[in-house]
Amino acid sequence: MSTHPAIAAATEIRPGRYPQYDEVDLHRLVLQKFFQDWPHVSPRDLDGVLAAPTALLGDGRPEVAMHEILYDELRIHPVMAETMYAGGATYALMVQRAVVAIQNERANAILCITAGKFPSVRAGAGERTAQIASHPDFEYIYGAYIPAIYALVATRYMHEYGITSTHLARVAVAERQWALLHPDALMREKGLLSVEDVLASRMIATPFHLFDCSVPCEGGAAVLVTSETLAKRINPQPAYVMGTGEYHSDRYISQRQDFSVFGSQMAGSQAFTASGLTPKDVRVLELYDSFTINPLIYLEDLGMCGRGESGSLVMEGRIDPGGDIPVNTYGGLLSFGHTGDASGMSMVVEGALQTMGAAGARQVEDANVVLVHTHGGMMSEHATLILGRHP
Amino acid sequence: MNTAKPTPNPSRLTQGYWDQIQKRQLVVMKCQTCRATVFFPKAWCPSCLSTEMTWSPVSGLGTILTYTIVHQAPFDSYRESVPYVIALVEMADAAMQMMTNIVNVAPEQVAIGMAVQVVFEERTRNGAPFLVPQFEPMVKALDKEGGL
């Protein structure tokens, strides 16, 4: 990219339960931690704010003009500010919008921020997410909700390409290994997971057992996208945005006719073309993983292996710590935690930290090229970022 | 605890569909101008933008494209039905695909490619009976009626 925009700073608060705070309060915690973590950034440096609407999943007050709350909180007058929404893909898309604004010299330092709460399924999240995810006339009335909808994707994809429940389970096993290396991961205290543990956990909707599903929690995160000059002042090794891709497909699952390829292939190939890189160049992947099927599909859609090969790839330990294709090095939504409306930012933050070489005990060596892929809705919207150490 | 299974709130676009369902007829929207099949119902044809849309009967025979056996339900009325099957069914005689439950079968017998046919399940809406289309295996019909 000609002007070399980069993620100069990235912060995530510890996922968990914050009963004393609402979603707007959680944004304040994110800001507080962000400026503590990045002492060379001050609110006066920011000339852009991208935010997401709050409380779509949680019980708090929905804010559709979250950017106004944030620039008021920071007492700044940005030249670019907006509240935008594309589900879990929102945050990789925020980075993409910020990159374009910097390339067009509209803005120089754009804060992308979010916070969210995901109630447990037993606390009513099942019904609420069913209403969000399914068509009221043609889906909701059949008892459809998010795990069942993704299960429809999984059953068909497994049928077409020979993926098994053991392969799904092995994804959860790998991500738990990574979570043990992250001090803040929600499931860190639970210790290692085995394929047998996953297969023995209670069935939610075939083929998904409980441990095939992400863990609901609360949290928030932010990244700062800047010009190259400013990025270097903030961080000696920024995460340069090498290429981006975006694709939007069917809103509802029952409208999807092809379960053999997803928007991830289109978004991913755009990002590879833009960056001039190929799947062989990618050292680390951060892949949206609301369920274990997602990383398997994405490894294939993004060209990291052939169709039907992701199962044996994970069985060989290649996505584990020490593997040659590390995936979800922070534990993923499966073991780090799924922060509801904010979840899609976690993989952007981790992709940036890996690229910066700032990922601590879980740092992958030579993380020169890191691919982040996120989706929103029922695998409806897709957003890919390729990050790199050298512009 | 609400044990009544959900019913739709028919809209301007879907009222015609639900009216036909109450007569035990599965229908799909067809464009009068270019004959395109349109489902979910739309105000105009996404192919030719015509607003001349009508409801056309479909046989209600189809095959299972994909399915899941749900063990944890999202709300009370379906909690009593676990394990239940949600499937996407492709119609045999129309470019139409829809979500449904597969009923009148043991869930573990459901499979991709299984031939199914529409049946109408009675629910209650505003205190009155309201039919919702569901699907059951074809073989069931053969048992009941001794062949097609």
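Me: How much accessible surface does chain B have, and what share of the surface belongs to carbon and sulfur atoms?
Reply: The accessible surface of chain B comes to about 7,000 Å², and 49% of this belongs to carbon and sulfur atoms. Accessible areas come from the Shrake-Rupley method with a 1.4 Å probe, and for residues only the protein chains shown count as cover. This is a predicted model, in which local features need pLDDT of at least 70 and side-chain atom pairs count only at pLDDT 80 or more, while totals for chains, interfaces and linings use all residues; side-chain values use heavy atoms, without hydrogens and water. Residues are numbered from 1 along each chain as its sequence is written, and chains are lettered from A and ligands numbered from 1 in the order in which they are written.

Me: What makes the radius of gyration of chain B agree with that of a compact globule?
Reply: The radius is taken over C-alpha atoms, and the globule rule is 2.2 Å times the number of residues to the power 0.38. For 148 residues a compact globule would have a radius near 15 Å, and chain B has 16 Å, which agrees. Along the principal axes, the C-alpha atoms of chain B fill a box of roughly 45 × 40 × 25 Å.

Me: Which elements make up chain B, and in what order?
Reply: Chain B has three helices and eight strands. From the N terminus on they run α-β-β-β-β-α-β-β-β-β-α. Helices (H or I, at least four residues) and strands (E, at least two) are DSSP runs, numbered from the N terminus.

Me: Why is B:Ser56 called buried?
Reply: Buried means under 20% relative accessible area, exposed over 50%, and partly exposed in between (1.4 Å probe, protein chains only). B:Ser56 has a relative accessible area of 18%, so B:Ser56 counts as buried. B:Ser56 lies in strand E3 (residues 53–57) of chain B. Leaving aside residues up to four places away in sequence, B:Ser56 touches B:Leu26, B:Val27, B:Val28 and B:Lys30; a contact means heavy atoms within 4.5 Å. In chain B as a whole, 51% of the 148 residues count as buried.

Me: What makes A:Arg75 and A:Asp366 stand out in their backbone, and where do they lie?
Reply: Phi of A:Arg75 is near 55°, a positive value in a residue other than glycine. A:Arg75 is in the loop between helix H2 (66–74) and strand E3 (80–83) of chain A. Phi of A:Asp366 is also near 55° and positive in a residue other than glycine, and A:Asp366 lies in the loop between helix H13 (344–356) and strand E10 (369–376) of chain A.

Me: Why do A:Arg75 and A:Asp366 count as exposed?
Reply: A:Arg75 has 64% relative accessibility and therefore counts as exposed. A:Asp366, at 52%, therefore counts as exposed too.

Me: Why is the pair of A:Phe34 and A:Phe35 called edge-to-face?
Reply: The whole structure holds 20 aromatic pairs over all chains. The ring centres of A:Phe34 and A:Phe35 are 5.4 Å apart and the planes stand at 85°, so the pair is edge-to-face. The rule is that rings of Phe, Tyr and Trp (its six-membered ring) pair if their centres lie within 6.5 Å; planes under 30 degrees apart count as stacked, over 60 as edge-to-face and the rest as tilted.

Me: What are the centre distance and plane angle of A:Phe208 and A:Phe291, and what parts does the pair tie together?
Reply: This pair is stacked, with 4.9 Å centre to centre and 10° between the planes. A:Phe208 lies in strand E6 (residues 208–209) of chain A and A:Phe291 in the loop between strand E9 (284–287) and helix H10 (293–301), so the pair ties together parts 83 residues apart in sequence. A:Phe208 is buried at a relative accessible area of 0%, and A:Phe291 is buried at 4%.

Me: How do you know that H10(A) is largely enclosed by the rest of the structure?
Reply: Nine of the nine residues of H10(A) are buried, so the helix is largely enclosed. Among them are A:Ile293, A:Asn294 and A:Asp301. A:Gly303 follows H10(A), with a positive phi near 85°.

Me: Where are cis peptide bonds found in chain B?
Reply: The bond from B:Phe39 to B:Phe40 is cis, with omega near 5°. B:Phe40 is in the loop between strand E2 (37–38) and E3 of chain B. The bond from B:Val82 to B:Pro83 is cis as well, with omega near -10°, and B:Pro83 lies in the loop between helix H2 (76–79) and strand E5 (84–91) of chain B.
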